Amino acid sequence: TRIGDQVYFGAMDHEGRMIAARHDLASGATQRAALAQFEDDDHNNPALLAVAGKPLVCFYSRHDAEEGLRYRISTAPLSLEDWHPEQILTFDGTTTYAQVHDVGGVLHLFTRVNETRWSWCMSTDWAQSWSAPRDFLSFDTDQQVYMASTLLADGRTMRIGVSGHPKEYEKK
């Protein structure tokens with residue numbers, strides 16, 4: 001996310017640390033905050049939400065672990081300095097590929113659950129509380145279901161793309 005000359009992003013480093021970062025396009029300086037550490041599995045990549053005037057919110061999970069979707073909120077708007085303790089949202093299965101969008105101050109959170117469902121929940125108070133998770137998409141398939149989402153420039157229209165990845169050991 002670009003805000004002025006600052007670019008905010010979430011990443012996982014080569015040691016499996018969940019990183020929230022800001023890169024200053026004018027100076028070239030990059031600031032990082034390590035929020036958690038797991039195994040270095042690309043499914044663990046975090047989603048970072050950056051909105052002007054609001055605290056950062058970072059979501060991440062451990063692939064193939066039942067613990068749920070974890071998240072942390074920075075203590076000040078757009079700050080990487082200090083973070084509130086980690087919290088966990090449960091989705092009745094393993095989670096991966098978190099995606100989050102701010103639509104007029106309401107956070108819409110999507111995550112893949114197990115391999116064939118995508119769940120959704122929302123927060124009207126900037127991640128202080130969440131609605132009960134609901135299935136957004138669910139498929140009766142032997143394919144792993146992938147979803148990409150983007151919020152368009154109008155700030156209210158969301159585009160969703162869905163694809164599947166067949167498992168080589170099953171024929172259905």
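Visitor: In what order do the 4 strands of the open sheet lie?

Guide: Strands of a sheet pair through backbone hydrogen bonds, either parallel or antiparallel. In this predicted model, the order is E5-E6-E7-E8, with antiparallel pairing.

Visitor: Which strands stand at the edges?

Guide: Strand E5 (47-49) and strand E8 (87-89) do. Each has a single partner strand, so one side of each is left without a neighbour in the sheet. From one strand to the next, the twist averages 25°.

Visitor: How many bridges join E6 to strand E7?

Guide: E6 and strand E7 (residues 69-77) are joined by 5 bridges and run antiparallel. Val57 stands opposite Ile73 in E7. On the E5 side, strand E6 (residues 55-60) pairs with E5 over 3 bridges, and Leu49 is placed opposite Val57 in E6. E7 and E8 also pair over 3 bridges, with Arg70 opposite Ile88 in E8.

Visitor: Now the pocket. How much space lies in the largest pocket?

Guide: Rolling a probe the size of a water molecule over the atoms shows where empty space is left. Here the largest pocket holds about 170 Å³.

Visitor: Which strands each supply at least two residues of its lining?

Guide: Strand E2 (6-12), E5 and strand E9 (95-103) do. Among the lining residues are Tyr8, Phe9, Leu48, Leu49, Val100 and Asp102. Leu49 is also the residue opposite Val57 in the sheet.

Methods. Residues are numbered from 1 along each chain as its sequence is written. This is a predicted model: local features need pLDDT of at least 70, side-chain atom pairs count only at pLDDT 80 or more; totals for chains, interfaces and linings use all residues. Side-chain values use heavy atoms; hydrogens and water are left out. Two strands pair if DSSP finds at least two bridges between them. Axes are lines fitted to C-alpha atoms, for helices over the stretch in contact, and angles run from 0 to 180 degrees between N-to-C directions. On a 1 Å grid over the protein atoms alone, a cavity is a set of points where a 1.4 Å probe fits but cannot get out, and a pocket is an open set with protein on both sides within 12 Å along at least five of seven lines; lining residues have an atom within 4 Å of a point. Grid points are joined across faces, edges and corners, and a volume is the space filled by probe spheres set on the points.
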